[in-house]
Amino acid sequence: MSRSTPSRSLVALGLPILLALTAATGCAAPAEPAPAPIPSTHSASPMQKATPTDAAWVQLMTPMNEKAVALLTLAADRATEPRVRAFATRLRGGQEAELGRLRPLLARMGLPDTDVHAGHAMPGMVTEQDLAAAKAARGATFDRLFLTRIRDHLRHSAQVSRSEITAGARADAKRLAAALVTAREAALAELEGLPGAGRALG
């Protein structure tokens, strides 16, 4: 997958820029999703609609986590270093728990539970090519590939989640985005201390 500098720069500017990027690649978020009733008084208003920013964020984060879980599953079984395997196992559990909140959020927004970014090279997205390379890799080569790809996932998903916090409108989406940022920051700090991370990440 191509991870070009322009794509990384665009996503670093925030989710509003990502909206323009996804529109250009044919995966723009719907502008007027149906209003979603939220039973909790601590969630978004029942009459509140998802803005394009809210929709773009949840429609990106869901497949990002799904693809990351696939890579983490491989790493939990095949990483050479025991600490890397343990990290992958814990992170997989966290990402799966996030999916348990992201998918209901999609439903509350009236959005389909489908990958609208399928076939597009989104920054930080683990691709089918990445997964194929990981399945073919062994030993330290696998560890380096895993550490590099999962760091990209954590960094970019944190960046777009920060943009949801500042530019989104739905309280439930913003709260989940804040929880994701906290989790990403903790995972990145742990990742940097793993065996082989210094060589793999430069």
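At what angle do α4 and α6 pack, and how far apart are their axes? The notes below take up that question along with the rest of this predicted model.

1. **Overall make-up.** The protein chain holds eight helices and zero strands, and read from the N terminus its elements run α-α-α-α-α-α-α-α. Of its 202 residues, 46% count as buried. Among the contacts that join residues at least 6 apart in sequence, 79% link residues at least 24 apart.

2. **The packing of α4 with α6.** To answer the opening question, α4 and α6 pack at an angle of about 30 degrees, and their axes are 13 Å apart. Because angles under 35 degrees count as roughly parallel, α4 is described as roughly parallel to α6. The crossing in which α4 passes α6 is left-handed. On the α4 side the contact is made by V84, F87, A88, L91 and Q95, and on the α6 side by F146, I150, H153 and L154. Sorted by class, the contact of α4 with α6 has seven nonpolar residues, two polar residues and no charged ones.

3. **Helix α4 itself.** Helix α4 covers residues 82-108, and its 27 residues should span 39 Å at 1.5 Å a residue, which agrees with the 40 Å that separates its end C-alpha atoms. The buried residues of α4 are V84, F87, A88, L91, Q95, E98, L99, L102, L105 and L106, and they pack against α3, α6 (139-167) and α7 (171-192). Just after α4, G110 adopts a positive phi of about 75 degrees.

4. **L102, a buried position in α4.** L102 lies in helix α4, and with a relative accessible area of 0% L102 is buried. Leaving aside residues up to four places away in sequence, L102 touches W57, V58, M61, T62, N65 and L176. Although L102 and Q59 are 43 residues apart in sequence, their C-alpha atoms are 8.8 Å apart in space.

5. **Q59, seen from the α3 side.** Q59 is found in helix α3, and at 4% relative accessibility Q59 counts as buried, since the cut-off for that class is under 20%. The C-alpha atoms of Q59 and P112 are separated by 8.8 Å, while the two residues stand 53 residues apart along the chain.

6. **Helix α3 and its surroundings.** Helix α3 (residues 52-78) has 27 residues and reaches 39 Å from its first C-alpha to its last, close to the 39 Å expected at 1.5 Å a residue. Because 20 of the 27 residues of α3 are buried, the helix is largely enclosed by the rest of the structure.

7. **The packing of α3 with α5.** Helix α5 (residues 128-136) packs with α3 at an angle of about 5 degrees, and the two axes are 10 Å apart; that makes α3 roughly parallel to α5. In this contact K67, A70, L71, L74 and R78 in α3 meet E128, L131, A134 and K135 in α5. The residues of the contact of α3 with α5 divide into five nonpolar, no polar and four charged.

8. **The packing of α5 with α6.** Which way does α5 run relative to α6, roughly parallel or roughly antiparallel? The axes of α5 and α6 come within 9 Å and cross at roughly 155 degrees, which makes α5 roughly antiparallel to α6. The crossing of α5 and α6 is left-handed. Here D130, A133 and A134 of α5 make the contact with F142, L145 and R149 of α6. By class, the residues of the contact of α5 with α6 comprise four nonpolar, no polar and two charged.

9. **A167, a partly exposed position in α6.** A167 has its place in helix α6, and at 34% relative accessibility A167 counts as partly exposed. A167 and T51 are 116 residues apart in sequence, yet their C-alpha atoms are 9.5 Å apart in space.

How values were computed. Residues numbered from 1 in each chain as written. Predicted model: local features only at pLDDT ≥ 70, side-chain atom pairs only at ≥ 80, totals over all residues. Heavy atoms only, no water. Helix = DSSP H or I, 4+ residues; strand = E, 2+ residues; numbered from the N terminus. Expected span 1.5 Å × (residues − 1). Buried < 20%, exposed > 50% of the residue type's maximum accessible area, 1.4 Å probe, protein only. Contact = heavy atoms within 4.5 Å. Axes fitted to C-alpha atoms, helices over the stretch in contact; angles between N-to-C directions. Parallel < 35°, antiparallel > 145°, perpendicular 65-115°, else oblique. Nonpolar A, V, L, I, M, F, W, Y, C, P; charged D, E, K, R; others polar. Left-handed = near helix turned anticlockwise from the far one by under 90°.
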